[in-house]
Amino acid sequence: MKIIEKKCPNCGGNLDFKVGERDVVCKSCRRKYAVQYDGIDDLSQLSEKAMEALEAADISLKPVRKFIIILVLVFFSLAAISATISVITMVNRRAEFDRKVKESEEEFDRRTQEMLDEVRR
Ligand SMILES: [Zn+2]
């Protein structure tokens with residue numbers, strides 16, 4: 001399984017995750033991030049690899065034929081990498097959670113105050 005390494009935007013720690021995982025948790029600060037798949041980085045890497053493979057194999061092809069082979073390789077690469085990772089969406093779920101907790105606390109205080117006012121009348 002392919003392992004992807006990214007840096008945590010919060011603490012700079014390593015975020016290691018496997019292709020296919022939806023969430024990643026920072027080992028250092030425990031923040032959770034959603035993983036987004038789009039494959040753009042992998043595509044550029046794969047077309048580079050295809051070029052290297054052609055050159056390494058020392059295939060002496062006419063330029064047009066070589067171009068067609070690269071096109072075919074890129075096409076298959078595109079199909080193969082539809083489920084690979086290039087970008088982590090920085091969704092700070094913890095901050096959202098804290099915000100919601102604060103909101104419900106405020107709501108609770110407000111309602112308690114309303115009830116107290118009601119009773120005093
Ligand atoms: Zn972190």
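User: Is A34 buried, partly exposed or exposed, and why?

Analyst: A34 has 13 other C-beta atoms within 10 Å. A residue is buried with 20 or more such atoms, exposed with 12 or fewer, and partly exposed in between, with C-beta atoms placed from the backbone. A34 is therefore partly exposed.

User: What kind of model is this, and how are residues numbered?

Analyst: Numbering starts from 1 along each chain as its sequence is written. Local features need pLDDT of at least 70, side-chain atom pairs count only at pLDDT 80 or more, and totals for chains, interfaces and linings use all residues, since the model is predicted.

User: Which strand holds A34?

Analyst: Strands are DSSP runs of E with at least two residues, and helices are runs of H or I with at least four; both are numbered from the N terminus. A34 lies in strand β4.

User: How far apart are the C-alpha atoms of A34 and V24?

Analyst: Along the chain, A34 and V24 are 10 residues apart. Their C-alpha atoms are separated by 6.5 Å.

User: Where is R30, and what is its phi?

Analyst: R30 sits in the loop between β3 (23-25) and β4 (32-36). R30 is not a glycine, yet its phi is positive, at about 65°.

User: Why does R30 count as exposed?

Analyst: The C-beta neighbours inside 10 Å decide this. R30 counts as exposed because the number of these neighbours is 12.

User: What pattern does the chain follow?

Analyst: The chain has 3 helices and 5 strands. Read along the sequence, their pattern is β-β-β-β-α-α-β-α.

User: What share of the chain is buried?

Analyst: The chain has 121 residues. Buried residues make up 9%.
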